[in-house]
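Subject: Structure handover and findings

Dear colleague,

Please find below the structure that I am handing over to you. My findings follow directly after it.

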Amino acid sequence: DDGELEALLVTIRNRTQRVRVRRANEAATSATAGVEHLGNRQRFLANVEHALQGVGIKSSAVAVLLISVDNYRALREQAGMYGCDRIMMQLSRRIGGTLREPDKLLRHSDSSFAVLACELEGKALEAFAATLSKSVERQPFKVASEPQKVSVSVGVVLTTHAHSSPLTLVENANLAARIARDKLARIHIHSAVSDRSAEEERDQAMARQVRDALDKYRHRLLFQPIVSLASDDRERYEAFLRMQDAAGKDIYPDTIFRLANQKGFASRIDRVVVGEALKMMHERKATGHVTQLMVSICAATMGNPGFPKWLAEQVARYQLDAGELVLKVGEASVLDDVPAAIQFAESVRAGGCHTAIRLTRLNRERLELLGRLAPQFIQLDHHLIPGLANSIDSDTGFHAVVESAASREIKVIVSHVEDPKTLSGLWRRGVNFAQGNFLQEAFPEMSYDFDSI
């Protein structure tokens with residue numbers, strides 16, 4: 001009832017102060033001309049496309065610059081999530097203060113910003129990139145009276161062709177920023193031939209590091225709680241893989257899975273993660289904690305005919321009950337071969353596991369197709385979340401998807417929720433579970449206090 005929901009909201013508000021800071025950050029960022037928020041990548045890409053349409057008419061060139069914070073992880077460790085959010089807020093305002101009137105700024109990721117600039121070429125473009133870099137590094141940022149230095153690498157890509165791809169421009173700027181960081185050059189101007197060659201060499205070396213991390217057990221699992229919006233206090237988590245290179249530095253998760261899929265060892269990673277997850281669940285069960293754990297698997301694992309048999313053997317070995325392990329698959333992987341995906345889902349279900357599908361679009365017809373797998377859960381991808389708080393009561397596809405899921409007895413998880421105010425709307429629209437850093441970030445232990453909810 002409403003009383004239970006209010007108690008849930010009070011508990012969540014008491015757990016975190018970080019949400020208030022995030023809202024303040026967004027308010028400050030929106031006050032800066034031309035700034036887009038973290039979720040508005042599509043709007044930024046639309047701005048790039050619009051600028052490209054004017055090449056040869058309104059302008060002679062379009063440039064995209066990617067500003068990557070090199071020491072972001074160190075800042076997180078030193079200042080904490082709360083302090084790091086404040087630094088990124090100050091950083092966005094400082095960058096925004098150096099832009100010209102028509103320029104656009106996007107919070108591209110947790111640790112990077114993208115800038116769209118027109119009518120800059122050659123030395124002028126290099127000088128502009130240098131100005132952005134210096135504006136960030138000219139003085140430390142203050143958090144709780146403690147100065148925090150920020151170092152950045154700037155990747156630059158320039159085009160004079162109206163038919164260039166906006167997404168490719170951003171990706172190439174990101175690549176140039178990585179090369180700048182690797183070469184300690186601060187700024188790197190993208191060159192299609194040499195940069196791609198350097199990227200291939202870098203990928204080969206990084207793939208060896210990932211394989212080495214698997215062989216030498218330099219990996220761990222982190223766990224984020226999935227909290228019920230009803231009176232269900234069962235312990236649920238999603239597991240995330242983290243790896244370290246030989247120097248003990250974290251390897252970016254996106255890099256791990258991109259290379260694993262490219263080089264053909266993604267299925268091996270899945271077996272390692274699932275095996276370790278089952279072992280940990282068995283150990284927790286022995287101490288009285290019955291846990292439902294969601295683990296992502298890749299398309300290659302879905303297509304591996306030996307995996308369901310191996311999985312059933314592992315579930316039996318660790319004496320787990322049906323549904324304690326949930327295998328999450330991506331929507332695209334399912335739609336690539338729906339009959340094979342259905343067969344896979346039936347096989348793992350027979351072996352004692354549940355399934356979940358991560359959706360990337362709010363589309364009722366697509367959900368009806370995916371529903372043929374009879375998953376126990378759907379998880380709405382975080383790209384669907386940014387406008388949710390404002391649009392939840394409007395006529396969108398959101399209600400249709402949740403309604404369709406409920407009619408099939410499929411539970412709905414909304415992940416990457418960062419605003420507690422959204423929870424009441426989610427609950428009223430039939431969402432079953434919420435997940436996000438405001439509850440708890442992914443943590444090395446399954447230690448969330450579900451009894452307090």
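Strand β14 is covered on both faces: Leu-325, Leu-327 and Val-329 are buried on one side, and Val-326, Lys-328 and Gly-330 are buried on the other. Buried here means under 20% relative accessible area, exposed means over 50%, and partly exposed lies in between, with a 1.4 Å probe and protein chains only. Strands are DSSP runs of E with at least two residues, helices are runs of H or I with at least four residues, and both are numbered from the N terminus. In a regular strand the side chains alternate between the two faces of the sheet. Because six of the six residues of β14 (residues 325-330) are buried, the strand is largely enclosed by the rest of the structure.

Please note that this is a predicted model, in which local features need pLDDT of at least 70 and side-chain atom pairs count only at pLDDT 80 or more, while totals for chains, interfaces and linings use all residues. Residues are numbered from 1 along each chain as its sequence is written, and side-chain values use heavy atoms, with hydrogens and water left out.

**Neighbours of β14**

Two strands are taken to pair if DSSP finds at least two bridges between them. Strand β13 (residues 291-296) runs parallel to β14 and is joined to it by four bridges; Leu-293 has Leu-325 as its bridge partner in β14. Strand β15 (residues 354-359) also pairs with β14 in the parallel sense, over five bridges. There, His-354 of β15 is the bridge partner of Val-326.

**The chain as a whole**

The chain has 453 residues, of which 50% count as buried. Its secondary structure comprises 17 helices and 18 strands. The accessible surface comes to about 21400 Å², and 49% of this belongs to carbon and sulfur atoms; areas were computed by the Shrake-Rupley method with a 1.4 Å probe, and for residues only the protein chains shown count as cover. A contact means heavy atoms within 4.5 Å. Among contacts between residues at least 6 apart in sequence, 72% join residues at least 24 apart.

**Nonpolar cores**

In soluble globular proteins, nonpolar side chains tend to be buried together. A nonpolar core is defined as a set of buried Ala, Val, Leu, Ile, Met, Phe, Trp, Tyr and Cys residues joined through side-chain atoms within 4.5 Å. The largest such core holds 71 residues, and Ile-269, Val-274 and Leu-311 touch the most other members. Helix α9 (residues 266-286) gives the most to this core, namely seven residues. Apart from it lies another core, of 28 residues, which includes Met-88, Leu-105, Ala-117 and Leu-125.

Which residues does Leu-311 touch, not counting residues up to four places away in sequence? They are Val-274, Leu-278, Leu-325, Leu-327, Val-348 and Cys-353. Leu-325 and Leu-327 are on one side of β14.

**Aromatic rings and charges**

A pair of aromatic rings is described by the distance of the centres and the angle of the planes. Rings of Phe, Tyr and Trp (its six-membered ring) pair if their centres lie within 6.5 Å; planes under 30 degrees apart count as stacked, over 60 as edge-to-face and the rest as tilted. The whole structure contains five aromatic pairs. The pair of Phe-307 and Trp-310 is tilted, because the ring centres are 5.6 Å apart and the planes stand at 35°. These two residues are three apart in helix α11 (residues 307-317), so about one helical turn separates them. Phe-307 is buried at 1% relative accessible area, and Trp-310 counts as buried at 18%.

Tyr-448 and Phe-450 form an edge-to-face pair, with 5.0 Å from centre to centre and 75° between the planes.

A charge sits over a ring if NZ of Lys or CZ of Arg is within 6 Å of the ring centre and within 35 degrees of the ring normal. The charged end of Arg-94 sits over the ring of Phe-141, 3.9 Å from its centre, and that of Arg-100 sits over the ring of Phe-128, 5.7 Å from its centre.

**Positive phi in loops**

Glu-119, a residue other than glycine, has a positive phi near 60°. Glu-119 is in the loop between β4 (112-118) and α5 (122-137) and is partly exposed at 42% relative accessibility. Ala-374 likewise has a positive phi, of about 55°; Ala-374 lies in the loop between α14 (364-370) and β16 (377-380).

Yours sincerely
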